[in-house]
Amino acid sequence: MQIATRFQGIAADLRGDAGEKDAAMAGLGDEDLLEVMAAIEAAGRALSAWQIRVAGEVGVRSRSELGDEGLSRSQNFTSPVKLVSTVTGTSARESKARLEVGRRLRGAVLLGGGEGPAPFPAVGLALDSGILAVETASIIVSRCAELAERGCAPDVVACAEQTLVDETITKHLTADQTSRLAIHLREVIDPDGAEPRDDRLQQQRSLTIGQASDGMIRGRFALTPEQGAVWLASIQAMQSPRIAGSPSSGPRFLTEDEYVAQTATADIRSQVQKNADTITELIARAAGAPDMPRLNGATTTLNVHITLDNIETGRGVGWIDGIDEPVPASTIAQLRCTSPTAATLFNDRGAVLYHGKTERLFTPAQNRALAARDGGCVWPDCDRPPSFCETHHADEWVSADHPPGRTDIDNGVLLCHFHHSHLHKSSWKLTMHSGVPHLIPPRWIDIEQTPIPTTRRRTTQRPAA
């Protein structure tokens with residue numbers, strides 16, 4: 001009871017409203033503020049040590065061999081975790097962690113009811129002294145316990161424990177740094193333990209994924225170290241800022257216009273959103289690789305169902321096979337530009353109008369054929385070679401007066417970026433006649449809008465008509 005009263009007094013001394021605490025902090029200099037932070041952390045460590053010791057005692061008094069006489073059951077709790085969680089208000093995970101560390105720091109219960117020697121005295125002493133954080137103590141105990149379970153001699157385990165405690169204290173290591181040091185020391189002492197540990201990790205690898213009630217696809221995963229390394233390296237490579245520009249260009253001052261432009265186009269995604277987008281892009285790229293498995297002759301394809309009215313107006317929703325949640329028409333439009341998509345179009349009564357193609361984008365072989373046929377940008381008087389050109393559907397994918405265009409060489413033409421963009425924004429039109437691209441000028445140029453053959457086919461000895 002005296003111990004409880006003592007801690008209640010400490011808590012009362014530390015209480016205070018936010019305004020009082022903020023005022024006290026505002027009156028401190030920088031060095032004084034850091035000293036207060038360090039002092040509070042030391043006090044917190046001392047209190048945390050008591051939390052661990054008390055939790056360990058609760059665990060001993062609630063051990064299973066005591067049955068209904070155990071502390072947790074006698075208080076109508078099915079486990080000591082629930083008892084600690086209820087009394088402290090902490091999560092079950094935090095309560096379990098305290099019980100586990102407290103158990104490992106205590107000696108074994110002897111037959112007569114006494115307690116054996118503490119298995120990790122150096123950690124216990126440093127923890128009780130407030131110079132070792134609970135998180136760090138848990139790491140050291142866990143790594144040393146692995147050595148003991150592997151059959152290392154007690155004096156070797158004790159030496160490893162003392163080394164980790166001394167290094168952490170003298171070098172002021174963080175918990176992460178202590179963890180890396182502990183792993184290195186474990187491998188030096190027990191190099192043969194890596195193989196059985198890897199076997200356990202291989203058995204634990206997993207990936208679960210499914211559609212949640214809110215429409216999101218959610219999941220959990222556990223990767224082995226080498227699998228995680230592939231994921232992390234791929235994400236870092238895709239997100240590296242050095243890819244966008246040359247690292248040798250060096251820093252420079254931005255003009256006002258450049259600053260406004262960069263601010264307007266700034267990436268406002270959070271890091272977790274970037275990670276999700278990056279993994280999705282990596283999977284999409286891999287799915288389109290030539291050596292990927294093919295189903296019915298096609299690579300991984302999204303099958304989309306949408307009405308013709310919705311796809312023409314850009315309103316409404318579409319449905320993707322295998323996904324219960326609909327997506328807006330704008331998403332379908334985006335998918336058609338960047339993903340292999342098979343679009344099945346319906347009328348307002350549900351009848352199938354057209355089946356889309358699984359290849360919307362022209363293949364490299366088709367582009368080579370177009371380069372041989374057109375010789376470059378087909379726009380009159382444009383001298384851009386094929387390497388400067390983009391492939392355009394002569395019969396557009398969506399049009400009010402004809403069905404979606406086909407991704408065939410007799411429906412494709414080469415246009416440089418300028419004329420490709422100009423064609424989509426101007427009154428000029430481009431059509432195909434007998435496999436030859438023709439430009440239709442606007443009425444203010446030709447009232448009859450006579451189609452003009454534009455191909456520069458080098459294999460043709462006479463003007464195309």
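A salt bridge is taken here as a side-chain nitrogen of Lys or Arg within 4 Å of a carboxyl oxygen of Asp or Glu. The structure is a predicted model, in which local features need pLDDT of at least 70 and side-chain atom pairs count only at pLDDT 80 or more, whereas totals for chains, interfaces and linings use all residues. Residues are numbered from 1 along each chain as its sequence is written, and side-chain values use heavy atoms, with hydrogens and water left out.

A search of the whole structure finds 16 salt bridges. One of them joins arginine 143 to glutamate 146, with the closest N and O atoms 3.1 Å apart; both residues lie in helix H8, three residues apart, or about one turn of the helix (helices, H or I of at least four residues, and strands, E of at least two, are DSSP runs numbered from the N terminus). An α-helix has 3.6 residues a turn, so residues three or four places apart point the same way. The side chains of arginine 186 and glutamate 187 also meet in a salt bridge, at 2.7 Å from N to O. Arginine 186 counts as buried because its relative accessibility is 10%, while glutamate 187, at 25%, counts as partly exposed; buried means under 20% relative accessible area, exposed over 50%, and partly exposed in between, with a 1.4 Å probe and protein chains only. Salt bridges that share partners join Arg143, Glu146, Arg186, Glu187 and Arg197 into one network.

A further salt bridge, with closest N and O atoms 2.8 Å apart, is formed by arginine 150 and aspartate 190. This pair links distant parts of the chain, 40 residues apart, since arginine 150 belongs to the loop between H8 and H9 and aspartate 190 to the loop between H10 and helix H11 (194-204). Arginine 150 is partly exposed at 40% relative accessibility, whereas aspartate 190, at 8%, is buried.

Helix H8 comprises 16 residues (134-149) and should span 22 Å at 1.5 Å a residue, which agrees with the 22 Å between its end C-alpha atoms; the expected span is 1.5 Å times one less than the number of residues. Its buried residues include Thr136, Ile140, Arg143 and Leu147, and the buried residues of H8 pack against helices H6 (92-105), H7 (121-128), H9 (154-170) and H10 (175-189). Just after H8, glycine 151 takes a positive phi of about 95°.

Among the residues touched by phenylalanine 120 are Leu105, Val141, Cys144 and Val157, contact being defined by heavy atoms within 4.5 Å.

Asparagine 76, with a phi of about 65°, lies in the loop between helix H4 (71-74) and helix H5 (80-88) and is exposed, with a relative accessible area of 73%. Glutamine 449, with a phi of about 50°, is placed in the loop between strand S11 (436-440) and strand S12 (452-453) and is partly exposed, with a relative accessible area of 25%.
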